[in-house]
Amino acid sequence: MAESIVFDKDLFKRSVVYNVKTLFRKTIEEATDQEVFQAVSYAVKDQIIDCWMKSGKAFEEQDAKTVYYMSMEFLMGRALGNNLINLKAYKDARDALDELGVNLDAVEDEEPDAALGNGGLGRLAACFLDSLATLGYRAYGCGIRYKYGMFKQEIKDGYQVEVPDNWLENGNPFELRRPERTKEVRFGGYTTFDTDAFGRQHYHLEGYQSVEAVPYDLPVLGYGNGIVNTLRIWDARPMECFKLDSFDKGDYQKAVEQENLARNIVEVLYPNDNHYAGKELRLKQQYFFISASVQEACQKYLRHHKDITKMYEKVVFQLNDTHPTVAIPELMRILMDDYFLTWEEAWNVTTKTCAYTNHTIMEEALEKWPVDLFQRLLPRIYQIVEEINRRFLLEVAEKYPGDREKAKRMSIIRDGQIRMANMAIIAGFSVNGVARLHTEILKNRELHDFYEMYPEKFNNKTNGITQRRFLLHGNPLLADWVTSKIGEGWITDLSEIAKLKPLVNDDAALDEFMKIKYENKVRLAKYIKKYNNIDVDPNSIFDVQVKRLHEYKRQLLNILHIMYLYNKLKDDPDAEFYPRTFIFGAKAAAGYRTAKQTIKLINSVADVINNDASIKGKIKVVFIENYRVSNAEMIFAASDISEQISTASKEASGTGNMKFMLNGAITLGTLDGANVEIVEEVGEENAMIFGLKAQEVIDYEKNGGYTPREIYASNPDLQRVLDQLIDGTYCANKDEFRSIYNSLLNTYETSVADRYFILKDFDSYRGAHEIIEYWYRDKKNWAKKALINTASSGKFSSDRTIQEYVDDLWHLDKVILK
């Protein structure tokens, strides 16, 4: 059995007081909230460290196989509350702090969200790390210690403004710096080789620049089992510090060039790559953390094993999308150049070690690098990529003789670009999608050539979320209620939550369930009043769309429909209309103009509607600034309707849909991504589906036949809404939203009109909203539907997803603490 954790409440109290004194020379009464947060966090870390050390010892003694989860993003959220939850000490810690006159909620609010990720890709990685530790498997998360993350979003005059997210301003009390594991990472230069007595060529890199990669480790706790895994994030440090001689000679730029090289690599997540310098920096970032992680993985393996040709028996690299794909040629380089394996030996290890998760259906999102950039920045790696491609094309020619078009489509190097997804598929032992529909589209369309050649590699692993973060911590009222009804088993086995289903016929239980929802709506309403200065009615329908801003996710469809509803109310202020609060939260990539214009439109519409007394508050529109994990927890708990309205066939999976479902929100969405599987679990009568199906979208894209101007001409309500984009209704500058108007109606050389079928789906979306309002008016029936959603969410735990990875792909060993 796993070792149970004993939280020493008295020791914790003494540690907090002692830490305040030694860190800040203050008493607990004198300390600021931030200082108390630091003191509490260090006290919690003290109780984690022993488990961390015991876990490391157990991993080595049991020689457990390790998965290295390689990801550009880890959207971890705040650590303090999650660590206390997984220590099973949250309530004890709250009581202890109460005795010291300290409020735990205020302490938690002092912690900035770790700016190590942005969207679903990073949050999935965080959920997976939580599940790996909870299930007792050995794992490392590998990423970058970004100084400022992607950005902190501010809304000024309705526009998104990107400012640095200085999350490390007060340090990170949970991290451990590990300078003894520092690695050298090399860029640029040129390759040379010599030939040994046996005729083998040995390659060397000359004339390069290099930086040091310094690891910082963060503990990832399993729930109540004492297992602690590690998120290792790499910081960059110059190999050679400030050059005083260059400075004295007046060459000030040369004096600091090494420092600048290092600093730039870890400054921000996803630097704007609309220009060459941005592309170069992104590639540097990817190679930086991958090279350091792969070097460390090889060295760690060899500390306890002698034969590196068997490394795949104890190590697996899971590549979270195409960003870490450079791990493939880097592992080949290390095995051949540092450990002197032959190509065939190195390829055997690599192809049994690396596995690839695809997170996108959209071909343009599959990462590609200009050959000239890649070759100049990573010359030895490029040689290896060329050789992988050469050998692969020979294999294609043998299997499909004379089919040059197929070879061209499948080639890693084509049209002056290196196609990273192709390399990941060719070299990986597994290629998985993240929802059943997504995987089928990959197999039958986007990656069909590869599926035809390597059918055995393709598999599905539907995404999941950790219920410990998004119910136990994020919605404590509901979590306590669930536990009171069915016990604690759901915390580590979410399938247990199905035991709630009989309560859909218990009127008292339904009343309790909806009272909790109301209390959570009151909590969110207070947050909105504090940060947006907008009064919203907790009795209104909370209709929520929070996710990364992208055209295919169709926040634009949502706001156009709100404009339509507003027109209806203006035309007939006394019309029967159930009050609604529409809540948005989203960041747009800094260089994504259309997405940023959509944010401006949402805020412009909100400004008009929220200040129009004639509609008597029946519609409110709220844009939550700087959407992140910590406010997401509050939003999910309060939501009535979960807007999952992406264009069918475009969303790989989605995980926000699962978080809403777990918290009792009803899905209003298309049959896209994991929505398909959500509807299967809850039943069609407990979700509201609208719009084109995936195959219909694919057929339109392939065969044409969709003309948005025909819909515009035939639908007066929609025509009025679109005309309001350019007639000054929502902005004095009539051209402010003309680009959005044009994108919906006009075809250009570089884009087709209404690429994401917003106008095509508008009437169906409108009808879905009318039905869901009708549902909501029947409070008892709505409560049943909401509870069924929560009770049917068992499939969507990341624990289930991880166990499928383990059983089917990774074959990890369960670690037992003795």
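This is a predicted model: local features need pLDDT of at least 70, side-chain atom pairs count only at pLDDT 80 or more; totals for chains, interfaces and linings use all residues.
Me: OK, strand 20: how many of its residues are buried?
Reply: Six of the six, residues 619-624, so strand 20 is largely enclosed by the rest of the structure. Buried here means under 20% relative accessible area, exposed is over 50%, and partly exposed is in between, with a 1.4 Å probe and protein chains only. Strands are DSSP runs of E with at least two residues, helices are H or I runs with at least four, and both are numbered from the N terminus.

Me: Which residues sit on each side of it?
Reply: Ile-619, Val-621 and Phe-623 are on one side of strand 20, with Lys-620, Val-622 and Ile-624 on the other, and all are buried. In a regular strand, side chains alternate between the two faces of the sheet.

Me: How many bridges join strand 19 to strand 20, and how do they run?
Reply: Six bridges, and the strands run parallel; two strands pair if DSSP finds at least two bridges between them. Phe-584 has Phe-623 in strand 20 as its bridge partner. From strand 19 the chain goes through helix 22 (residues 593-610) to strand 20, a right-handed β-α-β crossover. Right-handed means that, with the strands pointing away from the viewer, the path from the first strand over the helix to the second runs clockwise.

Me: Switching to voids. What is the volume of the largest cavity, and what lines it?
Reply: Its volume is about 50 Å³. The lining includes Lys-547, Glu-651 and Asp-672, and by class it has no nonpolar, six polar and three charged residues. On a 1 Å grid over the protein atoms alone, a cavity is a set of points where a 1.4 Å probe fits but cannot get out, a pocket is an open set with protein on both sides within 12 Å along at least five of seven lines, and lining residues have an atom within 4 Å of a point. Points are joined across faces, edges and corners, and the volume is the space filled by probe spheres set on them. Ala, Val, Leu, Ile, Met, Phe, Trp, Tyr, Cys and Pro count as nonpolar, Asp, Glu, Lys and Arg as charged, and the others, Gly among them, as polar.

Me: And the second largest pocket, what is its volume?
Reply: About 370 Å³. Of its 18 lining residues, the closest to the centre are Trp-52, Gly-56, Tyr-140, Arg-178 and Thr-230. Helix 2 gives the largest share of the lining, seven residues.

Me: Last one: what is phi of Phe-757, and of His-811?
Reply: Phe-757 is near 60° and His-811 near 55°. Most residues other than glycine have a negative phi. Phe-757 is buried, at 4% relative accessible area, whereas His-811 is partly exposed, at 49%.

Definitions and conventions
Residues are numbered from 1 along each chain as its sequence is written. Side-chain values use heavy atoms; hydrogens and water are left out.
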